[in-house]
Amino acid sequence: MDMVKIRTLFTYFALIGFVIAIVSLSVLLYNAITGQVAPLALELSLLVGVFTFLICTGLTIIIGNVEDPSYQ
């Protein structure tokens, strides 16, 4: 696999992590508004989504800089 395909793959993983984080956050906010207790798995999925987004976004930028130093 060349660098462009790897960077695209990490970009897709970052988008998936972002969607997981947004969905988890919206369910947590709904539970907070309605006064329900959110399960621990929901909070953990929020953490997984955020960390997946941050790590994959960082790797996308690093791979882009290795491939093309002017990539920002």
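Biologist: Helices are DSSP runs of H or I with at least four residues, numbered from the N terminus. On that basis, in which helix is the place of S24?

Modeller: S24 has its place in helix α1. Please note that this is a predicted model.

Biologist: Is S24 buried or exposed?

Modeller: S24 is buried, because its relative accessible area is 5% and buried means under 20%.

Biologist: What does S24 touch, leaving out residues up to four places away in sequence?

Modeller: With those residues left out, S24 touches L42, S45 and L46.

Biologist: And which side chain makes a polar contact with the side chain of S24?

Modeller: That is the side chain of S45, at 2.9 Å. A polar atom of the S24 side chain also lies 2.9 Å from the backbone oxygen of I20.

Biologist: How far apart in space are S24 and V48?

Modeller: Their C-alpha atoms are 10.0 Å apart, with a separation of 24 residues in sequence.

Biologist: Let us stay with S45. Where is S45 found, and what does S45 touch beyond four places in sequence?

Modeller: S45 is found in helix α2, and beyond four places in sequence S45 touches I20 and S24.

Biologist: How far is S45 from C56 in space?

Modeller: The C-alpha to C-alpha distance between S45 and C56 is 16 Å, and they are 11 residues apart in sequence.

Biologist: Changing topic: which residues form the largest nonpolar core?

Modeller: The largest nonpolar core consists of five residues, namely A21, L28, A38, L42 and L46. Helices α1 (3-34) and α2 (40-67) are the elements that contribute two or more residues to this core.

Biologist: What is A38 in contact with, neighbours within four places in sequence aside?

Modeller: Apart from those neighbours, A38 has contacts with L28, N31 and E43.

Biologist: Now the surface. Which residues make the nonpolar patch?

Modeller: The patch is made by M3, L40, L44, L47, V50, F51, L54, I55, L59, I62 and V66, and its area is about 1000 Å². Helix α2 gives the most to this patch, with 10 residues. L47, for instance, has its place in α2 and is partly exposed, because its relative accessible area is 45%.

Biologist: What about T52: where is its place, and which residues does T52 touch beyond four places in sequence?

Modeller: T52 has its place in helix α2. Beyond four places in sequence, T52 touches F13, A14 and G17. T52 is partly exposed, because its relative accessibility is 27%. Its C-alpha atom is 19 Å from that of L28, a residue 24 places away in sequence.

Biologist: Last one, T60: is T60 buried or exposed?

Modeller: T60, whose place is in helix α2, counts as buried because its relative accessibility is 8%.

Biologist: Which backbone oxygen does the side chain of T60 reach?

Modeller: The T60 side chain reaches the backbone oxygen of C56 at 2.7 Å.

Biologist: And how far is T60 from L9 in space?

Modeller: T60 and L9 are 8.7 Å apart from C-alpha to C-alpha, although 51 residues separate them in sequence.

Note on methods: Residues are numbered from 1 along each chain as its sequence is written. This is a predicted model: local features need pLDDT of at least 70, side-chain atom pairs count only at pLDDT 80 or more; totals for chains, interfaces and linings use all residues. Side-chain values use heavy atoms; hydrogens and water are left out. A nonpolar core is a set of buried Ala, Val, Leu, Ile, Met, Phe, Trp, Tyr and Cys residues joined through side-chain atoms within 4.5 Å. Buried means under 20% relative accessible area, exposed over 50%, partly exposed in between (1.4 Å probe, protein chains only). Contact means heavy atoms within 4.5 Å. A polar contact is a pair of N or O atoms within 3.5 Å; within protein, one must be able to donate a hydrogen and the other to accept it, and residues adjacent in sequence count only if both atoms are side-chain atoms. Patches are made of residues with over 30% relative accessible area and no salt bridge: like charges are joined within 9 Å, nonpolar side chains (Val, Leu, Ile, Met, Phe, Trp, Tyr) within 5 Å. Accessible areas come from the Shrake-Rupley method with a 1.4 Å probe; for residues, only the protein chains shown count as cover. A salt bridge is a side-chain nitrogen of Lys or Arg within 4 Å of a carboxyl oxygen of Asp or Glu.
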